[in-house]
Amino acid sequence: MLKDLVQHDKAVRFAAVSIAVAAAYIAISRTMSNPFPGVPKTEANLLDMPLYDRKRRDEKGEMLPPLEQLDALGSTLIVVNDPKLATSVLVEGQNKYLLGHKVGRSPVMAEFHSMLIGGENIGNARGAGWRWRRDVLVPQFQPRKLVSQVLPSVIQKSKDLIDHVKSHNGNPVDIDKYFVELTGNVICEYLFGEVPQPGEVLFDNFRRTDVIFLSFMLRPIFQFFGWKGPGAREINNNRRYVQRMMDKIRSGNGQQPSGSPPLMEQLMKLKVYQGKQGEEHLINDMLLMIFAGHDTTAHSLTYLVYGLTQELSVQKKIREEVTGQLPDLSAITPSSLSKLTYTSAAIKENMRIHPPVTVAMHEAYDDFMIDKTLVPKGTTIVISTARINQHPEIFKQPLAFLPERWLAEDEDMFNDLEANGADKGLMNSTYLTFSKGTHLCLGMNLAYLEMRIVISYLVTHFNITYDGPIPQTVGMIVAPKDEILFNFQPINA
Ligand code: HEM
C-alpha cells in the first residue's frame with residue numbers, strides 16, 4: 001500500500017513536473033514570439049494604418065498606446081505612436097547612428113529600392129555609401145541653390161498649367177495627372193537641364209504597396225529567376241533615358257539652362273561618380289531622385305486643391321495673400337515668396353493631414369531602449385507619419401484643416417537640410433511628413449518651392465470647387481485611387 005502510494009506520488013510528481021515544464025515551454029515560446037512583453041499588438045496593418053486610426057478615433061475617441069507591436073514582413077516590428085518618442089528615435093537615434101550605430105535605414109526600404117532601381121543608390125545605401133551621397137547631394141537641395149536654378153522653370157510650368165486648365169473650357173479637370181507630369185518635368189529639368197519629350201520618361205510610379213511588400217517577402221525567388229521588382233518597366237525605360245542624358249552631356253550636347261550647368265553635369269565632375277562603378281552610381285541616384293521627386297509632391301498638390309475646395313475660406317485667404325503680396329506672379333523672387341506665410345501654413349497643414357509617405361521605417365542597429373522597452377538589434381521600427389501628425393495632444397482638432405495653427409510657430413520659409421530636421425517648437429519638431437534626422441527628405445525644399453508657386457497661380461486664376469465623392473487613396477504613397485475632377489471657374493473672365 002505504502003509502495004503503491006510512493007509510486008503513485010512519483011507519478012503525480014512526474015505529472016506535475018511535466019505540466020510545469022510544458023507551461024514554462026509555452027510561456028517561453030510565447031515570450032520568444034512576443035519579443036515586446038507588455039507592448040500591445042496593433043490591430044492595424046502596415047498599409048491601412050492611417051485610415052484605420054481615423055476610423056478608430058472617430059468612432060471610439062481612443063488614444064493609441066505609445067508603442068505597439070505589429071507582425072508583418074515575416075517578423076515582429078515595433079510601432080512608435082508617441083510623437084516625442086518617434087522624433088527622438090529619428091533625430092537622436094540616427095545622430096547616434098553616425099557615432100555608435102543606433103538607428104539606421106531599414107532593410108525593407110533598402111531592399112525595395114534595390115529591387116526597383118538595381119545597384120547602390122541614395123535610397124538603399126548604408127553607412128559610408130549613404131554618407132558621401134548625402135554630403136554631395138544635400139547642398140544641391142538647399143534653398144539658395146534651388147531658387148536660382150528651379151524658380152524660373154516652376155513659374156513657366158505653372159503658366160502652362162493655367163493654359164491647360166483653361167483649354168478645358170470650363171469642363172472639370174483631372175488635375176492630379178497634370179501635377180505628376182509637372183513635378184516630373186521639374187525634377188528632370190533640374191537634373192538634366194531639359195524637359196523630357198512626352199512619354200520619354202515614365203512618371204507612373206508603381207503604387208501597389210501590397211505587391212511591393214509581397215515581392216519583398218518573395219525576393220529570393222525574384223533573385224533566383226532574375227526578376228526585377230514591381231515598377232521595373234518604368235525604371236528600365238527611365239534608365240535608358242538617364243544614360244542618354246549622360247552621353248549627351250559627355251559629348252557636350254547637353255542643354256545649358258540659364259545659370260550653372262545641370263546637376264548631373266556637375267556631379268559627373270566628382271571623383272565619386274567617375275569610372276564604371278561611379279557612373280553606375282550616378283545613374284542609380286538620378287533614377288531614385290526622379291522616382292522620389294515627383295509623385296509625392298504631385299499628390300500633395302492634389303490633396304491641397306481638394307482641401308481648398310472643402311474649406312473655401314482658406315482658398316479665399318490664400319488668394320488674398322498672393323494677390324496682396326505678389327501682384328505680378330511672373331516676377332516672383334525668393335523674398336516675395338517668403339511673404340506667403342498663410343499659403344505656406346496651408347501647404348504644411350495639408351501635408352500634416354495627408355502625409356504623402358504614410359510610413360517611415362528604420363532599423364535598430366544595436367539593442368536600445370525606447371521608453372522602458374528594449375528594442376533588440378535588427379528590429380524594424382515603424383513610424384506612421386499620419387499617426388504622429390494627427391496626435392491629438394500635439395495637434396488639437398487633429399483632423400481639422402487649420403493653417404492658422406502654424407502661424408504662431410517660428411517657421412522659416414525653407415528648412416535647413418543640414419539641421420537634420422531638428423527644428424523648433426513642439427508641433428514643428430513632431431511634424432513628420434518629411435521624416436526627421438539624418439534621412440530627412442532630401443527634396444523637402446524643392447517640394448515646398450513647387451507647391452507655393454503652383455498653388456499661387458491656381459488660386460489667383462480660378463475659383464476651385466469640387467462636388468464629387470470623398471477621394472479614396474492607395475498605398476503608402478498617398479495617391480488618389482480614382483481621378484478627381486475639379487471645377488475651375490476663371491476669375492475675372
Ligand atoms: C511632398 C513631397 C515629399 C514628401 C512628403 C517626401 C517624404 C519623404 C520621406 C518621408 C522620406 C523618408 C525619410 C526616412 O527614411 O526617414 C523621404 C526620403 C527621401 N526623399 Fe522625399 N519626399 C518628398 C519629395 C521629395 C523630392 C521632391 C525629392 C527630390 C529629390 C525627394 C527625395 C528624397 C530622397 C533622395 C530621400 C532619401 C533620403 C535619405 O535617405 O538620405 N523627396 N522623403
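Visitor: What does the protein chain average in pLDDT?
Guide: The protein chain averages a pLDDT of 84, and 80% of the residues score at least 70, pLDDT being the predictor's confidence in each residue, from 0 to 100. This is a predicted model, in which local features need pLDDT of at least 70 and side-chain atom pairs count only at pLDDT 80 or more, while totals for chains, interfaces and linings use all residues. Residues are numbered from 1 along each chain as its sequence is written, and side-chain values use heavy atoms, with hydrogens and water left out.

Visitor: OK, and where is confidence lowest?
Guide: Confidence is lowest in helix α2 (residues 49-60), at a mean of 56, and highest in strand β9 (residues 462-465), at 97; helices (H or I, at least four residues) and strands (E, at least two) are DSSP runs, numbered from the N terminus.

Visitor: Switching to the ligand, which protein donor does the iron atom have?
Guide: The iron atom has a single donor from the protein, the SG of Cys-441, 2.3 Å away, where donors are N, O and S atoms within 2.8 Å of the metal (3.2 Å for Na, K and Ca), and water is not among the atoms, so sites may look incomplete.

Visitor: Where's Cys-441, then?
Guide: Cys-441 lies in the loop between α18 (426-429) and α19 (444-461), and Ser-435 is also placed in the loop between α18 and α19.

Visitor: What is the phi of Ser-435?
Guide: Ser-435 is not a glycine, yet its phi is positive, about 65 degrees. Most residues other than glycine have a negative phi.

Visitor: Is Ser-435 buried or exposed?
Guide: Ser-435 is buried, with a relative accessible area of 13% (buried means under 20%, exposed over 50%, partly exposed in between, with a 1.4 Å probe and protein chains only).
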